[in-house]
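I opened this notebook to record what I looked up in one structure. The entries begin with aromatic rings and then turn to the sheet and its helices.

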Amino acid sequence: STSNIPLVQITPFNRTGNTPFVTGDDYQGAMMITEKLIEFGHKRIFFLSGPRNHRTSIDRQYGYRAAMDSHQLKIEDDWILESEFNFDGGYTAAKIAMSRSITPTAFFAGSDEAALGALYALQELKIKVPQEVSVCGFDDTVHSKHTWPGLTTVHHPIDQIVDKATYLLLDILDGKQPDQMQVVVPSRMILRGSIGEAITRV
């Protein structure tokens, strides 16, 4: 039967049972970057969410919510905008957010692609980043360091995840008992120029 074929999952949606997996800590990364925005004085932080059925998307939103909750900052329903984690989605979401009567002081996009879309929309609207609005993303894609300003983001340790999954699979094939069958690799924050102190607007 196929159940005897060794398998190591990478970033699975369901992390239950005995299936070995390796994943990044999206929740911790999102919480950390939201905390950084709060530390900079931001209270109106809008979140650009991704596909609803994606584990990473859900975890990143929970991390954002957890950081806001721990600082007793209320999240209004319309502060969470769908971006589908792509450039057009981020662009459209930022345009919608900036046309409202209550605008964000910061955008946390759950993906760099959406953050780049938001950056572009703000530039088009002649809104200075980070002087007027801060923007940060998640993934640390190749483009994120080449934008102007450079994009503050969370490094998603995909290389480490793949390496660890490979070694875990080799151990299982060798009949060894690995120390950990389910591995969560922590994320780290990459600070660049796209976030700054919040301006206190009355």
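**Aromatic pairs.** I searched the whole structure and found six aromatic pairs. Rings of Phe, Tyr and Trp (its six-membered ring) pair if their centres lie within 6.5 Å; planes under 30 degrees apart count as stacked, over 60 as edge-to-face and the rest as tilted. I looked up Phe-47 and Phe-108: the ring centres are 5.2 Å apart and the planes stand at 70 degrees, so this pair is edge-to-face. Phe-47 belongs to strand 3 and Phe-108 to strand 5, so the pair ties together parts 61 residues apart in sequence. I noted that both Phe-47 and Phe-108 are buried (buried means under 20% relative accessible area, exposed over 50%, partly exposed in between, with a 1.4 Å probe and protein chains only).

I then turned to Tyr-91 and Tyr-120, a tilted pair with 6.0 Å from centre to centre and 45 degrees between the planes. This pair links distant parts of the chain, 29 residues apart: Tyr-91 is in helix 3 (residues 87–98) and Tyr-120 in helix 4 (residues 112–124). Tyr-91 is partly exposed at a relative accessible area of 22%, and Tyr-120 is partly exposed at 44%. I also recorded a cluster in which ring pairs link Phe-46, Trp-79 and Phe-107.

**Basis of the entries.** I am working from a predicted model, in which local features need pLDDT of at least 70 and side-chain atom pairs count only at pLDDT 80 or more, while totals for chains, interfaces and linings use all residues. Residues are numbered from 1 along each chain as its sequence is written, and side-chain values use heavy atoms, leaving out hydrogens and water.

**Charges over rings.** I looked for a charge over a ring (NZ of Lys or CZ of Arg within 6 Å of the ring centre and within 35 degrees of the ring normal). The charged end of Arg-60 sits over the ring of Phe-138, 3.8 Å from its centre. The charged end of Lys-36 sits over the ring of Phe-40, at 5.8 Å from the centre.

I found an open sheet of four strands in the order 4-3-5-6, with parallel pairing. Two strands pair if DSSP finds at least two bridges between them; strands (E, at least two residues) and helices (H or I, at least four) are DSSP runs numbered from the N terminus. Strand 4 (80–82) and strand 6 (134–136) are the edge strands, each pairing on one side only. Strand 3 (residues 45–49) and strand 5 (residues 106–109) run parallel and are joined by four bridges. Phe-47 stands opposite Phe-108 in strand 5.
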